[in-house]
Amino acid sequence: MSTLGFEVTNGIAVLRLDNPPVNSLGLEMRRAIVEAVARAEVDPAVGAVVLIGSGKGFSGGADIREFGTPKSYAEPHLLTVLRTIEECTKPVIAAIDGICMGGALEMALACHYRVVASGARLALPEVKLGLLPGAGGTQRLPRVVGVETALNMIVSGATVSPDKLRATQLIDVYSEGDLLKSALDFARTVIAERRPLKRVRDITIRLPNTEAYLQFARNSVKAAAGPYPAPLACVEAVAAAVLQPFDAGMKRERELFAALMASEESAALRHIFQAERAATHIKDVPESVRPRAITRVGVIGAGTMGGGIAMTFINAGLPVVLLETTQDALDRGLANIRRNYQGALRKGSLTEASLEQRLALIMPTLSYEPLQDVDLVVEAVFENIDVKKKVFEKLDAVLKQGAILASNTSALNLDAIALFTKRPADVIGLHFFSPANVMRLLEVVRGAKTASDVLATAMALAKKLGKIAVVSGVCDGFIGNRMVARYGMAAHDLLLAGALPQQIDTALQNFGMVMGPFRMADLAGLDIGWAVRKRHAAEFPSRDFSNVADVLCEAGRFGQKTGAGFYRYETGARNAIPDPEVTAIIEKFRERRGITPRKVTDSEIVERCIYALINEGARIVEEGVAQRSSDVDLVYLNGYGFPAYRGGPMFYADRVGLSSVARALRRIAALAGADAAFWTPAPLLVRLVQEGKTFSEFKGSSQ
Ligand code: NAD
């Protein structure tokens with residue numbers, strides 16, 4: 001199969017990129033372009049060359065699957081391709097439609113002319129992977145669109161529509177009709193008029209107040225970039241384009257690119273990019289399994305979660321039947337939904353008309369009848385198995401055959417819920433995170449009997465809803481809550497050992513977590529865990545489930561919602577204020593347990609809490625609850641505020657080195673009073689250390 005078409009008509013060679021899905025510039029394609037340009041150059045019948053795409057447009061740029069492999073460095077390198085095009089003695093014209101991203105835009109900038117369709121989408125998105133455009137993008141783009149526009153595009157990675165760049169030298173012809181025809185017409189004109197070859201590298205950049213402008217750009221980009229080095233490196237590369245001759249600027253761009261390629265931050269961002277793609281594949285559900293059609297849905301319960309889930313559906317244009325038990329509860333739920341949208345209205349991200357349009361998609365009801373023709377229902381009623389039983393029995397009686405019955409349960413056994421119906425194959429868990437209309441994570445919980453096409457439907461639906469879906473097996477807490485429970489236990493141990501909530505939270509926030517565990521607990525509400533521990537204590541009377549949070553709850557401190565928890569909160573404010581009363585409660589708790597407090601260091605806090613996560617993550621992967629370690633990373637990144645520049649807990653462990661992680665866990669397990677079962681390295685971790693492998697290299701257990 002050829003990746004590049006070559007056809008000569010009326011003296012013009014048309015080179016058509018044809019490498020689905022996005023005509024990426026992998027090694028084969030690069031070879032083909034170099035050969036085709038060389039062939040056109042020596043062919044006396046050819047007067048000009050048109051480079052055009054197919055399918056989704058021009059090209060999506062580099063083949064990310066080649067990143068880090070010898071193929072990405074193999075000749076012809078992208079720079080060689082660009083040089084071949086630029087040095088061609090016959091005019092080379094890029095004809096651009098659809099996507100034209102990264103290396104593809106850099107290639108277009110090396111062409112002598114560009115004919116751009118009005119529907120093209122132009123971007124240099126490398127910064128999103130912690131990189132910069134490394135094939136001359138930072139040197140050529142400012143030459144054609146000006147320094148400010150180029151910097152905005154390169155530093156943000158945003159996609160720009162050609163009508164915004166019409167007046168610039170990026171676009172020689174703005175085409176609103178047939179792109180190929182426009183390009184061929186233009187090529188004929190260029191040949192007929194014997195126009196000189198226009199090389200972007202020869203354009204001189206003019207920037208008034210150069211130094212002051214560049215300093216301003218450095219300052220503002222640095223302030224916004226946080227821990228990421230790429231945005232500032234982008235500015236430096238563009239500065240080189242302004243201050244140095246073209247070849248010296250290219251050299252500087254290369255150096256900066258190489259440094260970013262070797263950075264931890266870029267490695268993490270590239271890992272996440274690939275993890276998101278991997279998560280869409282379910283190992284034993286082939287792509288050929290067709291998802292069921294979902295055009296109308298139901299939501300049971302209009303509380304915190306039900307309301308957010310209903311918003312998620314209507315935001316995607318899906319009509320929702322929303323069921324509650326009482327008119328009061330229904331009115332309250334609808335009022336909350338309206339209030340949430342009004343926030344967006346005030347910010348200007350939603351118009352009054354589209355607000356009303358969305359709300360009109362909700363059909364509120366107190367009866368099950370309107371659910372008869374929905375394709376999928378998400379249950380979000382109280383977390384109580386008896387209530388869920390009643391709801392699922394009723395749904396089973398009412399829903400049409402083929403409809404999907406989903407539960408948003410956080411901790412109840414999905415397989416038990418499925419057995420409340422006569423169609424367990426149609427039952428699945430859709431575990432949304434709060435607030436459901438905002439959080440991107442969706443755990444798709446696969447029951448023992450869930451059918452393959454039900455799973456495929458959930459994944460397709462998640463995509464439509466703009467969610468990142470991760471498949472989880474059934475276990476206590478699924479992937480995320482099972483891990484966060486271990487993290488919370490590690491943090492609680494440190495509290496007892498001698499640290500205070502504010503020290504623990506600050507240490508973990510300095511590591512990069514969006515919120516420390518105690519602030520997070522206050523936000524979620526301490527009463528939820530309190531109820532669970534009371535239930536566990538009744539079930540296992542010989543075990544100690546007591547927790548400082550119990551004493552706080554007994555004092556009416558349920559977290560932010562009561563203005564006090566591990567911290568205190570001023571009325572209407574969310575900033576956590578350390579509270580001496582809490583310190584006194586913790587001290588008393590330690591005394592009762594006979595603990596003499598010691599000094600706990602910040603690095604010990606980070607090590608214990610993060611390694612507790614990693615150890616539980618390893619168990620989850622080994623058991624097959626998660627399909628792959630990168631799925632665990634996605635859960636923690638998108639649901640629990642793990643810093644993206646560290647790539648997720650499992651990727652972080654790979655970078656630290658699994659043998660170091662295992663050694664530290666053994667050291668903690670051996671300490672007096674430590675819960676050895678909790679801290680002993682998970683068998684998978686031990687095995688990978690023995691085999692000298694990483695989590696990323698582990699392709700899943702046979703389960
Ligand atoms: P909630 O108390 O805010 O809302 C529950 C709603 O269900 C209430 O409005 C109630 O009137 C309604 N309801 C109760 N019984 C019903 C019935 N038989 N039929 C119809 N409606 C009924 O609770 P929530 O926080 O929205 O939690 C709902 C579910 O989502 C639970 O299973 C919970 O574990 C799960 N969950 C909650 C969160 C969270 O952060 N709150 C996150 C993920 C999952």
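1. Rings of Phe, Tyr and Trp (for Trp, its six-membered ring) are taken as a pair if their centres lie within 6.5 Å, and the pair is called stacked with planes under 30 degrees apart, edge-to-face over 60 and tilted for the rest. By this rule, the count for this predicted model comes to twelve aromatic pairs. One of them joins Tyr636 and Phe642, whose ring centres are 6.4 Å apart and whose planes stand at 75°, so this pair is edge-to-face.

2. On the basis of the values: residues are numbered from 1 along each chain as its sequence is written, and side-chain values use heavy atoms, with hydrogens and water left out. Because the model is predicted, local features need pLDDT of at least 70 and side-chain atom pairs count only at pLDDT 80 or more, whereas totals for chains, interfaces and linings use all residues.

3. Buried here means under 20% relative accessible area, exposed over 50%, and partly exposed in between, with a 1.4 Å probe and protein chains only. Tyr636 is buried at 1%, and Phe642 is buried at 4%. Phe678 and Trp679 form an edge-to-face pair, with 4.6 Å from centre to centre and 90° between the planes; Phe678 is buried at 6% and Trp679 at 1%.

4. Ring pairs also link Phe433, Tyr487, Phe511, Tyr636, Tyr640, Phe642 and Tyr652 into a cluster. A charge is said to sit over a ring if NZ of Lys or CZ of Arg is within 6 Å of the ring centre and within 35 degrees of the ring normal. Arg646 lies in this way over the face of Phe511, at 4.1 Å from the ring centre, and Lys394 over the face of Tyr368, at 5.5 Å.

5. Helices are DSSP runs (H or I, at least four residues), numbered from the N terminus. In helix 23 (residues 580-592), Val582, Thr583, Ile585, Ile586, Phe589 and Arg590 are buried. Seen down the axis, the buried residues of helix 23 fall within an arc of 160°, taken from the directions from the helix axis to the C-beta atoms, so they line one face of the helix. On the other side of helix 23, Pro580, Glu581, Lys588, Glu591 and Arg592 are exposed.

6. What covers the buried residues of helix 23, with contact meaning heavy atoms within 4.5 Å, includes helix 18 (478-497), helix 19 (501-511) and helix 22 (548-554). Just after helix 23, Gly594 takes a positive phi of about 70°.

Technical notes:
Helices (H or I, at least four residues) and strands (E, at least two) are DSSP runs, numbered from the N terminus.
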